[in-house]
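Please look through the structure below with its sequence alongside.

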Amino acid sequence: MRRPPWHIRWPLIALGFQLVPWLAFHLLARAVYLEPPSVSIDAERPWTLAILAASAGGSWIFGGVATYLLLRRSRPRVAIPLLLLCCVPSLLGAAFYTHAYLVFTTRV
Amino acid sequence: MGRIPALLATAALGLACTAIVPAATDVPLREVEVPAGREHRAAIAIRDDVTPFQKFGSREFTLPYLERYYGQARYFTLSGKRSQFEEFSAAVSQALTEFPAVDLFVLAHSNQLIRWVAILPEEDRRRLRLVYNTGCTDLKQGPEWLELGAKSYIGHAGVSFSPVFYVYFLRRWTRGMELNEAVRDSNARAFRIFDALGAISFGSLDAERVKADSEAIIFGDRSLRIEGGP
């Protein structure tokens, strides 16, 4: 079977990436709070901020590249649904993780 | 679409998303400096034995604010396997003897943590300033906390969505807003979230009932500020 072109794959990757932060936070929470802990509670904050920063960066990159490629290479009937279903959630996620990083570091 | 229009459209969509998120969650606050008198106040927070994700979220949100805006901050997460009663009481006792003003954040479902504080000497308890309790139906503890020595108590009357209020409240109280104003503003913002949840659930969530149950109510001094004394 032929793989879809990159301008179709990027939006799907951008959407799939949104699972990563929530999975990472759940794993971190379990590692810290389930007995016996496998991650020290002192390491919780650096890990949290690292996950937020990586999630924000990844979402901006995947969402941005996907949006750009769709606008450049797709016909409207393909681009619009993918923008709404994949790119907008990714960019909203990017903005959310960025905002959460600033809130969790008491900067805003 | 051409390269430049595609780049501009991508940037515009990113900016629109950047504007939507703070509007839907919480706006950046202008005043984020530490109010005066940080060295004269301490805060203690305690989280009950909930799911790992809830414990994680509570601590990661709360502790940075307490550490930045208080001279001393202690945070306890209860675990089913061991009692932290002695550790918690010792921390409250130490803070009450060393700081003129101590704020207590009880992040626990309906609870009787008041008993852990009631055993402390009356003279020390007088330094207890603000007690915020997220516990459902724990508003009724207000008069007891004031009798123990707290200057102000905030609680919720019913089975509440108190975490929504708490996220707004902690950010406003620590930045120096008067207690009455911080509670009023945080209630109003939480109510908007409940209205939105009611709308997107097509009425299966009764927003008016959630508001009535979740409204934070102050007992005692409503004019407290974080920089104020005991």
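Chain A contains four helices and zero strands, where helices (H or I, at least four residues) and strands (E, at least two) are DSSP runs numbered from the N terminus. Along the sequence, chain A therefore reads as α-α-α-α. The model is a predicted one, in which local features need pLDDT of at least 70, side-chain atom pairs count only at pLDDT 80 or more, and totals for chains, interfaces and linings use all residues. Residues are numbered from 1 along each chain as its sequence is written, chains are lettered from A and ligands numbered from 1 in the order in which they are written, and side-chain values use heavy atoms, with hydrogens and water left out.

The C-alpha atoms of chain A occupy a box of roughly 50 × 40 × 15 Å along the principal axes. The radius of gyration of chain A is 17 Å, whereas a compact globule of 108 residues would have a value near 13 Å; this radius is taken over C-alpha atoms, and the globule rule is 2.2 Å times the number of residues to the power 0.38. Of the 108 residues in chain A, 44% are buried, a class that means under 20% relative accessible area, with exposed meaning over 50% and partly exposed lying in between (1.4 Å probe, protein chains only). When contacts (heavy atoms within 4.5 Å) in chain A between residues at least 6 apart in sequence are considered, 70% join residues at least 24 apart.

Turning to the interface, 31 residues of chain A are in contact with 37 residues of chain B. The area buried between the two chains is about 3000 Å², with carbon and sulfur atoms giving 69% of it; buried area is the accessible area (1.4 Å probe) that two parts lose on being put together, summed over both. On the side of chain A, Tyr33(A), Arg45(A) and Thr106(A) lose the most area to chain B, and together they account for 21% of what that side buries.

What joins Arg45(A) to chain B? The side chain of Arg45(A) meets that of Glu67(B) in a salt bridge, at 2.9 Å from N to O, the term being used for a side-chain nitrogen of Lys or Arg within 4 Å of a carboxyl oxygen of Asp or Glu. Across the interface of chain A and chain B the rule finds two salt bridges.

The structure holds 13 salt bridges over all chains. Within chain B, Asp103(B) and Arg129(B) form one at 2.8 Å, N to O. Asp103(B) lies in strand 3 (residues 101–107) and Arg129(B) in strand 4 (residues 128–133) of chain B, so the pair ties together parts that are 26 residues apart in sequence. Asp103(B) counts as buried at 0% relative accessibility, and Arg129(B) likewise counts as buried at 0%. Another salt bridge joins Glu60(B) to Arg59(B) at 3.8 Å, N to O; Glu60(B) is buried at 2% relative accessibility, and Arg59(B) is buried at 12%. Finally, Asp26(B), Arg171(B), Arg172(B), Asp185(B) and Arg189(B) are linked in a network of salt bridges.
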